[in-house]
Amino acid sequence: MEILTQKQPQQFQAVAEEKALSPWREAWRSFRKNKLALAGSIIVLVFILIGIFAPLIAPNGINEQAMAKRLQAPSSEHWFGTDDFGRDILSRVVYGARISLWVGFFSVVASMAVGCLLGIVAGYYGKWIDSVISRIFDIMLAFPSILLAIAIVAVLGPSLQNALIAIAVINVPNFGRLIRARVLSVKEEEYIVAARAIGMKDSRILFRHVLPNSIAPIIVQGTLAIATAIIEAAALGFLGLGAEAPNPEWGKMLSDAKQFMIEAPWTMVFPGLAIMLTVLGFNLMGDGLRDAFDPRMKN
């Protein structure tokens with residue numbers, strides 16, 4: 001009996017600690033159990049480290065030309081081979097990680113900021129404001145995203161910065177509609193009604209109560225959107241509307257190598273693999289975050 005009475009407080013304490021876990025800690029614990037999500041996180045981390053330490057990893061300069069070594073197959077000297085100018089493909093793929101991750105991250109941050117602001121205003125205030133903003137989102141979503149991006153870059157002019165702007169613009173409706181739907185449900189909660197009743201300002205309610213309780217789906221969508229942004233940046237680069245030569249952007253590298261697809265397939269294989277692995281990593285991580293934050297996926 002004494003042993004049982006000693007164990008009971010410990011059991012009750014364990015149960016209490018289990019219930020006291022914050023939603024973020026509980027989501028992190030669920031995320032860690034997802035092996036595919038962890039694998040995706042490792043892939044993303046590896047590419048981030050490659051981008052950060054590119055000068056230390058790259059064996060050669062990205063624009064060092066050696067015409068005598070043009071289109072050489074992978075070897076001990078050039079692990080990924082060389083391109084039509086004799087440049088080391090490994091070095092260019094390594095530095096390309098910087099460009100692709102930079103475009104993906106900052107375009108998503110910009111679209112997230114604008115989309116969330118518009119979505120919060122539309123969902124919270126409703127009426128004609130909601131109608132105007134929602135119709136703008138509907139018009140933007142009526143166009144295929146890549147065609148809208150091409151149109152924006154065609155107006156602004158082909159460059160990496162303009163490609164980033166175009167990618168940010170086409171992703172605004174996705175974040176706007178997501179946060180609007182979330183705000184429509186959150187603003188009817190009792191604590192929001194109570195905040196209004198005591199005279200709290202709308203700006204304080206939005207950014208102190210509504211936004212923090214709507215941030216989880218935005219994080220998931222943002223992670224998945226980075227993968228989409230990397231593909232879109234590569235597509236614009238492949239079409240000649242993104243990064244300009246001699247920048248080692250993966251899509252631009254694929255465009256330059258397409259004429260050597262039969263003669264020197266490695267010039268396309270390694271940039272393509274880099275795009276595939278990076279996008280796969282973000283998608284796996286995003287799926288894991290979605291499962292971790294979605295209460296319907298928890299046992």
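## Overall architecture

The protein chain of this predicted model contains 13 helices and zero strands.

Of the 299 residues in the protein chain, 42% count as buried.

## The contact of α11 with α12

Two packed helices are described by the angle between their axes and the distance between the axes. For helix α11 (residues 215-238) and helix α12 (residues 250-257), the axes come within 7 Å and cross at roughly 35°. The crossing of α11 and α12 is right-handed.

On the α11 side, the residues involved are Ala234, Gly237 and Phe238. On the α12 side, Gly251, Lys252, Leu254 and Ser255 take part. By residue class, this contact of α11 with α12 divides into three nonpolar, three polar and one charged.

## The largest cavity

Rolling a probe the size of a water molecule over the atoms shows where empty space is left. In this model, the count comes to one cavity of 30 Å³ or more. The volume of the largest cavity is about 110 Å³.

The lining of the largest cavity consists of Asp83, Asp84, Arg87, Ile89, Arg92, Met253, Asp256, Ala257, Phe260 and Thr267. The elements that contribute two or more residues to this lining are α5 (89-125) and α12. The most is given by α12, with three residues. In terms of class, the lining divides into four nonpolar, one polar and five charged residues.

## Asp256 in helix α12

Asp256 belongs to helix α12 and is one of the residues that line the largest cavity. Is Asp256 buried, exposed or partly exposed? Its relative accessibility is 27%, so Asp256 counts as partly exposed, a class that lies between the 20% and 50% limits.

Asp256 can also be placed relative to helix α11. Asp256 and Gly237 are 19 residues apart in sequence, and their C-alpha atoms are 9.9 Å apart in space. Gly237 is itself one of the α11 residues that meet α12.

## Asp291 in helix α13

Asp291 is located in helix α13 (residues 266-293). Because its relative accessible area is 18%, which is under 20%, Asp291 is buried. Along the chain, Asp291 and Phe31 are 260 residues apart, yet a distance of 7.7 Å separates their C-alpha atoms.

## Two loop residues

Leu71 lies in the loop between α4 (54-57) and α5. Although Leu71 is not a glycine, it has a positive phi of about 55°. Leu71 is buried because its relative accessible area, 12%, is under 20%.

Ser159 has its place in the loop between α7 (145-156) and α8 (160-186). With a relative accessibility of 15%, under the 20% limit, Ser159 therefore counts as buried. Which residues does Ser159 touch, not counting residues up to four places away in sequence? The residues touched by Ser159 are Leu241, Gly242 and Glu244.

Technical notes:
Residues are numbered from 1 along each chain as its sequence is written. This is a predicted model: local features need pLDDT of at least 70, side-chain atom pairs count only at pLDDT 80 or more; totals for chains, interfaces and linings use all residues. Side-chain values use heavy atoms; hydrogens and water are left out. Axes are lines fitted to C-alpha atoms, for helices over the stretch in contact, and angles run from 0 to 180 degrees between N-to-C directions. Helices (H or I, at least four residues) and strands (E, at least two) are DSSP runs, numbered from the N terminus. A crossing is left-handed if the near helix is turned anticlockwise from the far one by less than a right angle, and right-handed if clockwise. Contact means heavy atoms within 4.5 Å. Ala, Val, Leu, Ile, Met, Phe, Trp, Tyr, Cys and Pro count as nonpolar, Asp, Glu, Lys and Arg as charged, and the others, Gly among them, as polar. Buried means under 20% relative accessible area, exposed over 50%, partly exposed in between (1.4 Å probe, protein chains only). On a 1 Å grid over the protein atoms alone, a cavity is a set of points where a 1.4 Å probe fits but cannot get out, and a pocket is an open set with protein on both sides within 12 Å along at least five of seven lines; lining residues have an atom within 4 Å of a point. Grid points are joined across faces, edges and corners, and a volume is the space filled by probe spheres set on the points.
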